[in-house]
Amino acid sequence: MSAQGRLLIVDDELSVRDSLGKWFREEGYDIGIAESASEALTRMAESHWDLALLDIKMHGTDGIELQRRLHEIDPDLVVIMMTGYASVDTAVTALKNGAYDYVSKPLDPDEIAHIVKKALAHRETEKENLRLRETVAEITRPQELVGQSPAMKKVFEAVQTVGPTDATVLITGESGTGKELVVQAIHAASVRRFHPLVAIHCGALTETLLESELFGHEKGSFTGALYRKKGKFELAEGGTVFLDEIGDISLKTQTDLLRVLQEREITRVGGNQVIKVDFRCVAATNKDLEKLIEEGKFRPDLYYRLNVFHIELPALRERREDIPLLAHHFMRKFAQSMNKRISRISPAAMEQLVRQPWQGNVRELENAVERAMVVAQEPELKEQDFFFKAPPLPSSGGRSLEEIERAHILQVLEQCGENQSRAAEVLGIDRVTLYHKLKRYGWSRSAVENR
Amino acid sequence: MKRVQLLPIGKVDAELLGGLAALVPDILPVQCEVLPEVLDPAPAFHGERLQYHSSELLRYMARFLRPGAWRLLGVTAVDLYIPILTYVFGEAQLEGPCAIVSYHRLRQEAYGLPADEDLLLDRLLKESVHELAHTGSLLHCEDYQCVMSPSHGAEQIDLKGSRLCAACFRRLNWAAP
Ligand SMILES: Nc1ncnc2c1ncn2[C@@H]1O[C@H](COP(=O)(O)OP(=O)(O)O)[C@@H](O)[C@H]1O
Ligand SMILES: [Zn+2]
Ligand SMILES: [Zn+2]
């Protein structure tokens, strides 16, 4: 009998591993079990897994950190988080980091069976589309850059000027100011736009992994190098390489990088063949590189290589006139993706928005609008829909993601006259998923209740 | 012929149990009889969840195994769980001699609907055959009409048939000890 797929269950509780393992085995899956993060990493190195069910809270490394490391080894691994309680922050972090979904313990058997099946089916289609999607993503339009402040106008002009050239560009600015969008715009304005734009977030990786990401590696060159792999410079194939968080790389990697920028050739980790590469380099950082140079942490020669053309992105608080424009931009974007008829922001809410400190810049503003859109009633975003200046939430306090989701689902359902198919359509989830969620909420038709 | 014995766990509807004993041999080539003893589920009760731990009950059942019986199937009206799941309809020892089924969530009343005795027996039969087949080392089957197709909701049980598909029937490990 062909197995449904290979599942790795990671939990530090014996009873969970045993019972879930047996249950999924009956469902027809091949099961692997790990009781700690390090054991999970060992299992990953030993063989291939389609899906991992991770406990979000374990002794030692937590599930979020483990997820990141598993994805470093196999970016295609489907990860589902199991949480004791679904706190906004951990669940959101997990989803943002690329987890497929999260489920609360104890798990609803019907729901978990459905999610796992759907996730694996989804992964199959993804795999088939991968080649196609990579080529398409490379030539799709970059996201729109919004702004009308003098500072942003200067940025737009700089992009138009330097874009078509082949010059290396260094973009600086606090995190969340839109550096990645600017890179997309530069790529789109260049002759290389029909070739890939490959991004690499240098800060997230260890030295070994970063080197293998950048330059590729030969099979067996280090633990975990199970296959030969091409590096980003090779994958760019005439396109743009975006080195994000360049201020976070080690001196050794800086030396190797400098060589690539000078020689335009690479050697894979563990290999000795020299490979010619053709690319344009754009780098970004939120660090002060000149200060790092003074401290001896950044090579000046690399700095001069990167800083051929410099674009500085101002913090959002230094260009508050862009806030209304950005807030409306995000409102429209989420109204469309959430299928909600919200078309304005109340003056009181806007006044607050303009006044916030926005330490996290445009990204924080975008997240704030997204959250507000979830709870808001049509047709307007109101002040109370935002979480202004709330002190940091204790994990048990505040509204959990699940509560917000529940409120939203029930509201949509009511608007659809309790027609579940219609509500599922509006919510953009499938009918069975909605059914499971309602079951979990203990929802029943009001007609039945009134009897 | 192989013998399947039914063990009531807690208070179980005698008529339902009798119906089950009469129908199982229609589907599996076995004899089926109801044991006179009753297993008290109290030690497996969870005070907060108000449910009974099915794996523990499976362990207690071992005491009731008799020589000559091929399989022992516990039948109960109480709601079963394993710690990581909110509920289970039943549980089986893969290739082991014991299995357990609960009809708590097979009753229409559990979903706010009027009782339906025939439907209840039909569902219980399917779940019993399903768990017994697990003890014969069968895993779940993709054929939606096969009794081994997975079902985690009463609606799904109603969709499938009470028989093993030809492939599952061939695969069923009758030699399993
Ligand atoms: N000027 C802008 N117009 C529209 N969206 C923006 C703008 N600046 C940033 N964003 C959005 O804010 C988020 C953070 O931007 P990003 O480019 O990832 O920041 P950085 O790379 O500086 O950390 C992204 O979702 C991006 O789409
Ligand atoms: Zn089963
Ligand atoms: Zn079958």
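In this predicted model, A:Ala52 stands opposite A:Val79, a residue of strand S4(A). The two strands involved, S3(A) and S4(A), pair in the parallel sense over five bridges. Between S3(A) and S4(A) the chain passes through helix H3 of chain A, residues 63-73, and this β-α-β crossover is right-handed.

**Strand S3(A)**

S3(A) also has a partner in S1(A): four bridges join S1(A) to S3(A), and the two run parallel. Within this pairing, A:Val10 has A:Leu54 of S3(A) as its bridge partner. The pairings of S3(A) are set out below.

| Strands | Sense | Bridges | A residue pair |
|---|---|---|---|
| S1(A) and S3(A) | parallel | four | A:Val10 and A:Leu54 |
| S3(A) and S4(A) | parallel | five | A:Ala52 and A:Val79 |

How many residues of S3(A) are buried? Five of its five residues are, so the strand is mostly covered, where buried means under 20% relative accessible area. From S3(A), A:Leu51, A:Leu53 and A:Asp55 point one way, while A:Ala52 and A:Leu54 point the other way; all of them are buried.

In soluble globular proteins, nonpolar side chains tend to be buried together. The largest nonpolar core here has 40 residues, and A:Leu20 and A:Phe24 touch the most other members. Elements of chain A that give two or more residues to this core are strand S1 (6-10), helix H1 (14-27), strand S3 (51-55), strand S4 (78-83) and helix H5 (109-139). From chain B, strand S1 (2-9), helix H2 (54-61) and strand S8 (98-102) do likewise. H5(A) gives the largest share, six residues.

Which residues does A:Leu20 touch, leaving aside those up to four places away in sequence? In chain A they are A:Ile9, A:Leu53, A:Met82 and A:Leu107, and in chain B they are B:Ile84 and B:Leu85. Another core, of 38 residues, lies apart from the largest one; among its residues are B:Cys32, B:Tyr103, B:Leu138 and B:Ile157.

**Helix H14(A)**

Helix H14 of chain A spans residues 347-355, and A:Ala349, A:Met350, A:Gln352 and A:Leu353 in this helix are buried. These four lie on the same side of H14(A), because they cover an arc of only 160° around the axis. A:Pro347 and A:Arg355, on the other side of H14(A), are exposed. The cover over the buried residues of H14(A) includes helix H13 (323-338), strand S15 (344-345), helix H15 (361-375) and strand S16 (380-381), which belong to chain A.

Note on methods. Residues numbered from 1 in each chain as written. Chains lettered and ligands numbered in written order. Predicted model: local features only at pLDDT ≥ 70, side-chain atom pairs only at ≥ 80, totals over all residues. Heavy atoms only, no water. Core = buried A, V, L, I, M, F, W, Y, C linked by side-chain atoms within 4.5 Å. Buried < 20%, exposed > 50% of the residue type's maximum accessible area, 1.4 Å probe, protein only. Contact = heavy atoms within 4.5 Å. Pairing = 2+ DSSP bridges. Right-handed = clockwise from strand over helix to strand, strands pointing away. Arc of directions from axis to C-beta.
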